[in-house]
Structure formats: structure tokens, C-alpha cells
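Please brief me on this protein chain.

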Amino acid sequence: MAVLRREKGQSLQGSRIAVSILIGILLGCVFAVFYPHGFFSSNLTVSHRRIANSNLQTGSSSCESPDRIKMVKADIVSISEKNAELKKQVRELNEKLQLAEQGQDHAQKQVLLLGKQQKAGPFGTVKGLRTNPTVVPDESVNLRLAKLLEEVAVRKELIVALANSNVKTMLEVWFTNIKKAGVRNYLVVALDDQIVDFCKSNDVPVYKRDPDSDIDSVARTGGNHAVSGLKFRILREFLQLGYSVLLSDVDIIYLQNPFNHLYRDSDVESMSDGHDNMTAYGFNDVFNDPAMGWARYAHTMRIWVYNSGFFYIRPTLPSIELLDRVAGRLSREPNSWDQAVFNEELFFPSHPGYDGLHAAKRTMDMFLFMNSKVLFKTVRKDPALKTLKPVIVHVNYHPDKLRRIQAVVEFYVNGKQDALDPFPDGSDW
């Protein structure tokens, strides 16, 4: 019996050991499945994953997962579709470009350039484009001027006047009244060194161009008309730099800030040489030719010219084209007058042998931006009009400029009511 108990105990102990070993093996298998890298190797796992991802990104791995392969294939398909779409767009743009080059109709060219054609709205609601976009500024044109304009201009616009020593006295009256009117954004383009020194001594912003033999010879010795013609060449750089310019002659008295009275909806906004509503803003003038009998009357459209000594010009392609056209003609036609050429290029329509300028234009209010004919022939004789305060007065119709300029200052600035009385309506000769 003792022997049997001992053998039975040994058998039971062996069974327990076998069961323990079996349980250990089973647990090891379970842990091997769920924790292949062990309990304490999480950082190692992350590093292994990072190494694996890095290998995938650098292409060093010899095989890819099915999901990764699917993603790559999807990217290839997407890129192919985008490439096909871009090719289609390029083809369409080339077709439009060919049509634009071949077409003779400027309106069709504009549609192709501006984009999608549009349907017309209800009666009375259709409005065409009026304001051309400004050009992209190009500071490489003149880095020195670009830096100066950043300091002088306000909201990318400023008054610009050209001056040489011949107009020094009028220039002083010009900038003195500009300062009184509270205008800060103005600049004198000096055509000789004396004007540079004069402006600096009076704390007036001044700019002198780099030496240019063609311009400098005219600037030093030229009269009013010759110097006036230079402005179309000099202005171009201002526009290329992206600045709007209110060009001003020096025979102008500033009584208010002109920038508070501009519309800025056109390429060129100019004062008129007209002297009443009809001449300043245009009218239907009936021409009578009795020799035609029944058809003796012909209707014509008339408007007095814009003054090339005071106009606001925006930095647009039509504006720059206008300056190029005028400067080009003045160089080829030495006996031409800049104001006449300026208006011909601005107003003449396209016709056989000539492509007209497609520029938007606006006429300034003739009582706010007043010429001296309006002042001396009409305003000073009308008690109601005498109470109005213009923005500027341009003494453009009279040769005795300095005396009349001083009288205008006395009347509007100093309040001397009889200051304008001694002068005739026109000139003495």
C-alpha cells in the first residue's frame, strides 16, 4: 500500500509538471502572437516602423504593401487626368490666340482677352466696361524714382510738374498755394540744377532725371511748348511704376486738394478749354450747306479740347499708349503743338489707315477745375458764381500769367473782392 501511494504521488506530480509545461507553452504562443516584440520593446517597435516608412519613402524596400501600390496607382491616374486637362486648356488658349491674331474686329479681340462671353441683361441695365485695369508695377524701370515715389505719393497718386529756371517765380506761387491747400503728395521734376537747389531750399520734393542728351537740350533752352512736350516722355516712367499722376503746369493756383474731387473711373480725366456747358461737355452742332437743297443741314458733334497742362492719368495700357503716341508724333513733327496732338490721339476714331486709341476719358467740372477764360469772362461778373470756390484756376488763356495768378490769389485766398476787376476779358494783344 505504501508503495502504491508513493507511485501514485509521483505519477500525479509528473502530471502536474506536464500540465504546467503545457500551460507555459500555450501562454508563450499567445504572447508571441499578440506581443511579437515583447512587453518592453515599444520604442523599438516605433523605431522599426519609422525605419520601415523611411525605406518606403526612399524606395529602398524591395516590395510594397498592396494599399501603398493602390495609392500610387491612384496618384498616377489623377496626375494623368490633370495633365490631359491642362493640355486641353493649352489647346483652347492657342485656338483663341489664333482667332485673336486673325480677327479684324477689335470688339471680338476684347471678348477673347477678357474671357467668357456674357448675356445682355434686361433693358436699361446693361453697362459696359469703363475702367481699364492698372499695369503691374515694374520698379526696374527706375529704382531711384521708385524709392522717391514711395515717400512722396499718397495712395499711389501724386501731382507732378515740370519746371526749369524760366518759370521759377510762377513755380514758387505754385508750390506755396499747394502747401496752403494741404496737399502733401506733389513733386517737381527739375529740368536744370537751379530748380533742384531752389526746391530743396524751400522744402519742396524734387526729382531730376539722369542725364539724357535729347531731353536735356530741350529742358535747358526750350520755351513753354517745347518743355510741355517733354512731359509725355517723362510721365511714362511714373505710370510704369504703377502711379497715377495729376500732371500740372505751373501757371495753376491750387485752392483745394484736387484728389478729393476726382472720379478715377477713366484712363484720362482732364480739365477742358471749354467755357460753358456746351463747349466743355459737347454739343450737337448743325452745319448748314445751302447748296445741298433739301439735305442742306448736317449734324456734327463738337467739344472743346482737353487741356494738356492739367489732367489726371491712370497707369493703364491705353494711358501708356497715349503717351507713346503723343511723344512719338512730337518727335517726328517738330512744328506740332502738344495739346493738339494730345487731343487728336485721344479723340480721333479708327478709320481706314488709322487705328484710334481705345481709352476711356472724363471731362472735369469746369467750375471746379476752372480755366482763366471761364474766370475772367463769366465767373467774376456773376455774383452767384463769385461765391463758389474752385479747386484750381489755370491761367491758360492769357499771356500776362504772373499778374493774373497773383490777382487770383488775392481774390480767392486773401478775399480782395476787386482784385480781378482791372483785367480785360482777353489779352491786350
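The protein chain has 15 helices and 12 strands. Helices (H or I, at least four residues) and strands (E, at least two) are DSSP runs, numbered from the N terminus. This is a predicted model: local features need pLDDT of at least 70, side-chain atom pairs count only at pLDDT 80 or more, and totals for chains, interfaces and linings use all residues. Residues are numbered from 1 along each chain as its sequence is written, and side-chain values use heavy atoms, with hydrogens and water left out.

**The chain as a whole**

- Of the 429 residues in the protein chain, 37% are buried. Buried means under 20% relative accessible area, exposed over 50%, and partly exposed in between (1.4 Å probe, protein chains only).
- Take the contacts between residues at least 6 apart in sequence: 69% of them join residues at least 24 apart. A contact means heavy atoms within 4.5 Å.

**Helices H6 and H7**

- Helix H6 covers residues 168-180 and helix H7 covers residues 193-201. They pack at an angle of about 30°, with their axes 12 Å apart. Axes are lines fitted to C-alpha atoms, for helices over the stretch in contact, and angles run from 0 to 180 degrees between N-to-C directions.
- That angle makes H6 roughly parallel to H7. The cut-offs are under 35 degrees for roughly parallel, over 145 for roughly antiparallel, 65 to 115 for roughly perpendicular, and oblique for the rest.
- H6 passes H7 in a right-handed crossing. A crossing is right-handed if the near helix is turned clockwise from the far one by less than a right angle, and left-handed if anticlockwise.
- H6 brings Lys168, Leu171, Glu172 and Phe175 to the contact, and H7 brings Ile195, Phe198 and Cys199.
- The residues of this H6 with H7 contact divide into five nonpolar, no polar and two charged. Ala, Val, Leu, Ile, Met, Phe, Trp, Tyr, Cys and Pro count as nonpolar, Asp, Glu, Lys and Arg as charged, and the others, Gly among them, as polar.

**Helices H11 and H12**

- Helix H11 (residues 317-332) and helix H12 (residues 338-347) have axes that come within 9 Å and cross at roughly 135°. H11 and H12 are therefore oblique to each other.
- H11 passes H12 in a right-handed crossing.
- On the H11 side, the contact is made by Leu322, Arg325, Val326, Arg329 and Leu330. The H12 residues include Asp338, Val341 and Phe342.
- The contact of H11 with H12 holds six nonpolar, no polar and five charged residues.
- Leu323 also lies in H11. Leu323 is buried, with a relative accessible area of 0%.
- Leu323 and Leu235 are 88 residues apart along the chain, yet their C-alpha atoms are separated by 7.7 Å.

**Aromatic pairs**

- The count comes to 11 aromatic pairs. Rings of Phe, Tyr and Trp (its six-membered ring) pair if their centres lie within 6.5 Å; planes under 30 degrees apart count as stacked, over 60 as edge-to-face and the rest as tilted.
- The rings of Phe175 and Phe198 have centres 5.8 Å apart and planes at 50°, so the pair is tilted. Phe175 is in H6 and Phe198 in H7, 23 residues apart. Both are buried.
- Phe376 and Phe423 form an edge-to-face pair, 5.7 Å centre to centre with 65° between the planes.
- Phe376 is buried at 0% relative accessibility, and Phe423 is buried at 8%.
- Ring pairs also link Trp174, Tyr186, Tyr254, Phe310 and Phe369 into a cluster.
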